[in-house]
Amino acid sequence: MNSGRDDAGRGTSADSSSARPGVAVVGAGAVGTALGVAISRAGWPVVAVISRDATRRDRFVALVPGARAFGRIASMPGEVGLVIVAVPDDAIADVAAEIPLQLGRAAVHTSGALGAEVLADFASRGGAVGAFHPLVSFTLDVERSVAGIVGATIAIEGDDRLIELLADLAESLGARPIRLPPGTKSAYHAAAVLASGGLVALLDAIAVAAATLGLDERDTVAVYGRLVEQTLANARTAGIAASLTGPMTRGDVGTIAAHMAVLEARAPDVVELYAAAARRQLRIAEERGALSPDQAVRVRDVLAKGA
Ligand SMILES: NC(=O)c1ccc[n+]([C@@H]2O[C@H](COP(=O)([O-])OP(=O)(O)OC[C@H]3O[C@@H](n4cnc5c(N)ncnc54)[C@H](OP(=O)(O)O)[C@@H]3O)[C@@H](O)[C@H]2O)c1
């Protein structure tokens, strides 16, 4: 990890060289509530929640001892040093414009898609800004979401004077901080969407293909999920390229043609994804030296005819 720790900003209340700042969470949704609970349990003072909804406010203060609830951002108490903005991406900039600036107060948001610059209004008034994105799937099941933070990666970015504090916060939660270089947030998020949503799309396509042999969704996950886990374990130990097995590594043209034919006949909406994934596998196999150029051309032809 590039922690980016340095001495810039030392002496502000948002600096880890001084006491841990009082934390306020804006937005008592899935992320805000789980982070508030986790941060409090990690021993940081979570002093306030700002939520427009009375039920969510009550739930938050019941879960986070010592937190006070507010309906408006302007009412944020003076002891807040770090504001965590956990609202939908489209609302972050407007929320940032409402955060009252106090000496040493910093603000971060939790979006995976947006950079720290979306907090520009607060920054333009002299506040330190950053982003703190746990690579976790948060739901309204608070305990499950809190448990998901432990061992996860948290991407941090922003002002140098804030990075050390954010890294400390992530480590206190039992997570692994990684510092994103400026301008890389979209690529980071695209990879995350492939890892989570992309895998779901793949599982969905697997289920459609498996339905043709009579497997229901539960059986599909049991049967093919094991293979997914084994492949992931292989990638962890041996690397991604080395974990590729199957017909693409052998240039098995007849088998691949049979796959394309059966999918076109019985699961046509899976063909495009199969072919796209196959072309990617083919490239890996070629780079590994597993295929002759001639074999690769023949496989590509079969995939192109089917797709
Ligand atoms: N869910 C995930 O898996 C996940 C993972 C990592 C990061 N994130 C990011 O975390 C942020 C929050 O996501 P979430 O899943 O927690 O969303 P969420 O469950 O919909 O909660 C967002 C909260 O923001 C408040 N809010 C909604 N609209 C608002 C508006 N127009 N102005 C001000 N506040 C508003 C609401 O809180 P109140 O009613 O209490 O005011 C709402 O409960 C997003 O940036 C998201 O990209 C999400």
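Select residues 253-266 to bring up helix α10, which has 14 residues and reaches 20 Å from its first C-alpha to its last, close to the 20 Å expected at 1.5 Å a residue. The expected span is 1.5 Å times one less than the number of residues, and helices here are DSSP runs of H or I, at least four residues, numbered from the N terminus. You're looking at a predicted model, where local features need pLDDT of at least 70, side-chain atom pairs count only at pLDDT 80 or more, and totals for chains, interfaces and linings use all residues. Residues are numbered from 1 along each chain as its sequence is written.

Stay on α10 and pick I256, H259 and L263, which are buried (20 or more other C-beta atoms within 10 Å of their own; exposed is 12 or fewer). They sit on the same side of α10 because they cover an arc of only 55° around the axis.

Next, show α1 (residues 30-41) with α5 (residues 142-149), whose axes come within 9 Å and cross at roughly 65°. That makes α1 and α5 roughly perpendicular to each other (65 to 115 degrees). Where do they meet?

Last stop: R236, found in helix α8 (residues 217-238). R236 counts as exposed because it has 10 C-beta neighbours inside 10 Å. From there, draw a line to R266, 30 residues apart in sequence and 34 Å apart in space, C-alpha to C-alpha.

Technical notes. Helix = DSSP H or I, 4+ residues; strand = E, 2+ residues; numbered from the N terminus. Arc of directions from axis to C-beta. Axes fitted to C-alpha atoms, helices over the stretch in contact; angles between N-to-C directions. Parallel < 35°, antiparallel > 145°, perpendicular 65-115°, else oblique.
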